[in-house]
Amino acid sequence: MAGVLARRDRALNPEETEALLREHLGEQVLGSVVEFGTFTCKLAPEGWVEAARLARDEPQLAYDLFDSLFGVDAREEGFDVVAVLYSTSTGNRLVLRTRVPGGRDAPRLASITEIYRGADWMERETYDMFGVVFDGHPGLEPRILTVENFEGWPLRKDFHLASRAAKPWPGVKEPAELDEDGNVIERVPEIGDAPGPYELDKAMAAQAKAVIEQERVEREERERKAAERAAKAAERQARKEAKARAAAEAAAAKAAAAEADADQQPASSDEEDGA
Amino acid sequence: MGVMDQVELPKPVRYVFNWGRKFSLWCFNFGLACCAIEFIAASTSRHDFIRLGVIPFAHGPRQADLLVVSGTLTDKMAPAVKRLYEEMPEPKYVISFGSCANCGGPYWDSYSVTKGVDQVIPVDVYVPGCPPRPEALLDGIITLQHMIQHESLPDRIAGRRQDAVTLGADAPLTLEGR
Ligand code: SF4
């Protein structure tokens, strides 16, 4: 662990990390991928231990914290083993992944317990669940997660659940759907796919659209009615005003006429008087 | 227990004796999963089963009368439950709390979960639910106390147990009517 000098600001980025690993391991680095912000390096099984040692001891890498190790069922091709390493000095996380030689029948991989002591129980668990044998491990037996005399490797995809044989799944939907011939339907989701069952998502989207549409129609109707009411009210107002104006005009005319009459009346009476 | 587990006591004495026993159940919580949280909730101030005479967190199985298995029992854990149960002194009672302890619950098809604690040790009261509410545990305790009140100690020691009760099996869960 000597020389853990790398600092966060001098931490290598994924490309540099891969270049460094390639420089030391050459052909044994098979490729790499950055997914969800995690750098995964695919290795040939021969380079597995060496890569772990390098990751720990290379001062620029300094992956001093062993995070976890687990298996992945790769169906016909056998099993993958994945180790997650973390560097407390650079704050980087590195995922090492390798395809275990030996296929499904006799998967065997070299142990990294010599490098990371914490890998001990993780490798035992991987052995328990997938049956991957780790060469150089201080002791895989007795089984750590299952009962000691457990038979089979429960996390393998072809492991049969005894209870399922006696009783079918009671829920609405099978977790693994079967087609007519009884084979498991495999769905490989694409990135951007709906997270749920596609038809259901479509139906829900249609429903949501219908609701929005309905609301829009109702709103327009309301607005139209309000506008109509406003127009009617304005009309009524205008009519009222016109009436009032007409009345006022009529009154004014009447008053004027009366005044004229009054002017004329005394004159005529005078005339009468005079006559 | 001495002579008391040999001889049937006269009825009035037995009544008083059982009354005393049922209100001082020292409880050993075998908390294995989420249900243990509900057990703890039942033991704290809001539900407070000490008012029913159940004293939680006995120092160990050797000081306990009541074993509450709350949570998911795995095959790996089953020998431990068996062993702790056997360490408890007679007369001892078991409440199976939650679907997992009753029958495996949501993990009924799992490769590692024991399909009910009754496969390992005898159970007196089953409390269904995933998880059951603390009130359901109180109900289970009252049911158990009812059983204790009406039992004969020599019978119990000799292994002639009463039939186990499953709460809610014949009527909805309720604190009334017991
Ligand atoms: S019954 Fe439900 S809540 Fe209780 S332990 Fe099992 S899964 Fe958890």
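Where is the place of B:P131 in chain B? It sits in the loop between strand 5 and helix 5 of chain B, and a cis peptide bond, with omega about -10°, joins B:P131 to B:C130. This is a predicted model, in which local features need pLDDT of at least 70 and side-chain atom pairs count only at pLDDT 80 or more, while totals for chains, interfaces and linings use all residues. Residues are numbered from 1 along each chain as its sequence is written, chains are lettered from A and ligands numbered from 1 in the order in which they are written, and side-chain values use heavy atoms, with hydrogens and water left out.

Chain B as a whole comes next. It has six helices and six strands; here helices (H or I, at least four residues) and strands (E, at least two) are DSSP runs, numbered from the N terminus. Read from that terminus, the elements of chain B go α-β-α-β-β-α-β-α-β-α-α-β. Of the 178 residues in chain B, 48% are buried, where buried means under 20% relative accessible area, exposed means over 50% and partly exposed lies in between (1.4 Å probe, protein chains only). Take the contacts in chain B (heavy atoms within 4.5 Å) between residues at least 6 apart in sequence: 78% of them join residues at least 24 apart.

Two helices of chain B are worth a look together. Two packed helices are described by the angle between their axes and the distance between the axes. Helix 1 (residues 11-22) of chain B packs on helix 5 (residues 134-149) of chain B at an angle of about 155°, with the axes 8 Å apart. Axes are lines fitted to C-alpha atoms, for helices over the stretch in contact, and angles run from 0 to 180 degrees between N-to-C directions. That angle makes helix 1 of chain B roughly antiparallel to helix 5 of chain B, the label for angles over 145 degrees. On the helix 1 side of chain B, B:Y15, B:N18, B:W19, B:R21 and B:K22 make the contact, and they meet B:Q145, B:I148 and B:Q149 of helix 5 of chain B. Sorted by class, this contact has three nonpolar, three polar and two charged residues; Ala, Val, Leu, Ile, Met, Phe, Trp, Tyr, Cys and Pro count as nonpolar, Asp, Glu, Lys and Arg as charged, and the others, Gly among them, as polar.

Now for the rings. Over all chains there are nine aromatic pairs, meaning rings of Phe, Tyr and Trp (its six-membered ring) with centres within 6.5 Å; planes under 30 degrees apart count as stacked, over 60 as edge-to-face and the rest as tilted. A:F150 and B:Y111 form an edge-to-face pair, 6.3 Å centre to centre with 70° between the planes. This pair crosses between chains, from the loop between strand 7 (133-135) and helix 4 (162-166) of chain A to the loop between helix 4 (99-103) and strand 5 (125-127) of chain B. A:F150 is buried at a relative accessible area of 17%, whereas B:Y111, at 25%, counts as partly exposed. Ring pairs also bring in A:F159, linking A:F150, A:F159 and B:Y111 into a cluster.

Most residues other than glycine have a negative phi, and most peptide bonds are trans. The bond from A:E141 to A:P142 is cis, with omega near -5°, and A:P142 is found in the loop between strand 7 and helix 4 of chain A. A:A62 has a positive phi, near 55°, and is buried at 1% relative accessibility.

Notes: Angles under 35 degrees count as roughly parallel, over 145 as roughly antiparallel, 65 to 115 as roughly perpendicular and the rest as oblique.
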